[in-house]
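User: I have a model open and would like to go through it with you. Could we begin with the overall picture and then turn to the details?

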Amino acid sequence: MIEAILFASAEPVTVAELTARLPHGSDPAEALVQLRRRYEGRGVQVVKVGDAWAIRTAADLGFLMQKETVETRKLSRAAIETLAIIAYHQPCTRAEIEEIRGVAVSRGTVDQLLELEWIRFGRRRMTPGRPVTFVVTQGFLDHFGLESARDLPGLKELRAAGLLDNRPMPGTDAVGDDEGEEQIGQSELFED
């Protein structure tokens, strides 16, 4: 039954939604683990997307889906920067995004990311003015094939891919920087 629900659903399905649809006494969590094992090494896989589960094409066979027509919309540089800041610093407010970018964030940029359903409103900060925060959505995680935001590439991976300069970060010494970088893990980028 779980296999049928996941197969028919276009969106990832949470364990709570599966429990509500299954007969009383069923254990969807155990069934998902078994189903995930059954599909290992096959053309489709059962994957966890945030708190939900979905059936997706195996990554190594994605080239077979290239005939599908997908409407692509290029994001502006401002939108990409804003999305990256939210992904790596979530939950963050508009003022924090502006402080990191060094320029004002256009309302249209945030609206575009909200419309794509890659970000959503988070909790309000318990500071004066109670500013709203932004966090990434399961749609963002699903699009980039991530289980959680902690799976985003770290500084070393970004430098290795040529996406960041090999210059030392501001405020650090150029000598002995490699040792300190190895000690700082991906989890240091996120608030708990």
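Analyst: A contact here means heavy atoms within 4.5 Å. The model is a predicted one. Among contacts between residues at least 6 apart in sequence, 50% join residues at least 24 apart.

User: How many helices and strands are there in the protein?

Analyst: The protein has nine helices and six strands.

User: And what share of the residues is buried?

Analyst: Of the 192 residues in the protein, 29% are buried. The accessible surface is about 13400 Å², and carbon and sulfur atoms account for 52% of that surface.

User: Let us look at β6. Is it mostly covered or mostly open?

Analyst: Strand β6, residues 132-136, is mostly covered, with four of its five residues buried.

User: Which way does β5 run relative to β6, and how many bridges join them?

Analyst: Strand β5, residues 119-124, runs antiparallel to β6, and four bridges join the two. Within this pairing, F121 has F134 of β6 as its bridge partner.

User: What about β4 and β6?

Analyst: Strand β4, residues 92-93, is also antiparallel to β6, and two bridges connect them. The bridge partner of T93 in β6 is T133.

User: Changing topic: how many salt bridges does the count come to?

Analyst: The count comes to five salt bridges. One of them is formed by the side chains of D142 and R56, with an N to O distance of 2.7 Å. This pair links distant parts of the chain, since D142 sits in helix α7 (residues 138-143) and R56 in strand β3 (residues 52-57), 86 residues apart.

User: Which residue forms a salt bridge with E81?

Analyst: E81 forms a salt bridge with R77, and their closest N and O atoms are 2.9 Å apart. Both belong to helix α4 (residues 77-89), where they are four residues apart and therefore separated by about one helical turn.

User: Why does that spacing matter for residues in a helix?

Analyst: An α-helix has 3.6 residues a turn, so residues three or four places apart point the same way.

User: How exposed are E81 and R77?

Analyst: E81 is partly exposed, with a relative accessible area of 28%, whereas R77 is exposed, with a relative accessible area of 66%.

User: What do the side chains of R125 and E96 form?

Analyst: The side chains of R125 and E96 form a salt bridge, at 2.5 Å from N to O. R125 lies in the loop between β5 and β6 and E96 in helix α5 (residues 94-101), so the pair ties together parts that are 29 residues apart in sequence. E96 counts as partly exposed, at 28% relative accessibility.

User: Last topic: which residues of α3 are buried?

Analyst: In helix α3, residues 28-38, the buried residues are P28, L32 and L35. Seen down the axis of α3, these buried residues fall within an arc of 65 degrees, so they line one face of the helix.

User: And what covers the buried residues of α3?

Analyst: The cover includes helices α1 (2-8) and α2 (15-21), together with strands β2 (44-49) and β3.

Note on methods:
Residues numbered from 1 in each chain as written. Predicted model: local features only at pLDDT ≥ 70, side-chain atom pairs only at ≥ 80, totals over all residues. Heavy atoms only, no water. Buried < 20%, exposed > 50% of the residue type's maximum accessible area, 1.4 Å probe, protein only. Pairing = 2+ DSSP bridges. Areas by Shrake-Rupley, 256 points an atom, 1.4 Å probe, with all protein chains shown as cover. Salt bridge = Lys/Arg side-chain N within 4 Å of Asp/Glu carboxyl O. Arc of directions from axis to C-beta.
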